[in-house]
Amino acid sequence: MRAGYLDALRGIAVLWMIIFHTAYDLRMLGFVDWNFSQGFWWAFPRVIAWTFLFCVGISLNFTHSGKINWENLKKRSLKLAAAALIISASTFVIFPQQWIFFGTLHCIFLGSILGALVVNQRKLATFLILLILVLQYLVGYDIKWVASIVQKPSMDFIPIYPWFWAILFGILVGPYLSKNRQLAEMRTPKMLKFLGTHSLKIYLLHQPIIY
């Protein structure tokens, strides 16, 4: 049984993603001159990525409740790895100077594996999220220093550190959201349910269609 509120939240993230990539393509093709290096258009894709990762953390509570579902983890990991490879290969061919070597999908792939290992160890998950947030506070909550280590420009760079904290947050608050009566009885709009249910397929196909 699927959680309606989770499909709705993931569907909203997919809708945001389509809106952002439409705007991004308009900018690339010269139809608009919006600045994507600061302000709203800089923050928007980061909110989208965070929402996707947060949903990953929530879903891990359903998939690996009590113990790790190794069969599901294997199948999902292979699917995500293949999808991430498609993204990397296609962007390397089309945009070789800023191809996606570790973007949102890559982070979801690795984060799903790491998250499955800690989803039933809530004290460890709490410690890890606090550790990441404290480290980010000490060095400044900006991942530019992470990017400076890699020293490779990319259209979509979402490193597992510090973004893993979004998955951990989903792991920790997911059970409380599921116990909320209003969320449990929520009727998901059909469009959001469709987008949320088929998010991976839409993620892979929407950009070529828009472009």
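The model is predicted, so local features need pLDDT of at least 70 and side-chain atom pairs pLDDT 80 or more, while totals for chains, interfaces and linings use all residues. Residues are numbered from 1 along each chain as its sequence is written, and side-chain values use heavy atoms, without hydrogens and water.

Let's start at helix α7, residues 160–179 (helices are DSSP runs of H or I, at least four residues, numbered from the N terminus).

Now follow α7 to its partner, α2. Their axes come within 7 Å and cross at roughly 50° (axes are lines fitted to C-alpha atoms over the stretch in contact, with angles from 0 to 180 degrees between N-to-C directions). Residues in the contact (heavy atoms within 4.5 Å) include Trp50 and Phe54 of α2 and Trp163 and Phe169 of α7.

α2 also gives the largest share, seven residues, of the lining of the second largest pocket. A pocket here is an open set of points on a 1 Å grid over the protein atoms alone, where a 1.4 Å probe fits, with protein on both sides within 12 Å along at least five of seven lines; lining residues have an atom within 4 Å of a point. Its volume is about 850 Å³, counted as the space filled by probe spheres set on points joined across faces, edges and corners. Of its 29 lining residues, Arg2, Arg10, Arg76, Thr197 and Ser199 are the closest to the centre.

Notes: Helices (H or I, at least four residues) and strands (E, at least two) are DSSP runs, numbered from the N terminus.
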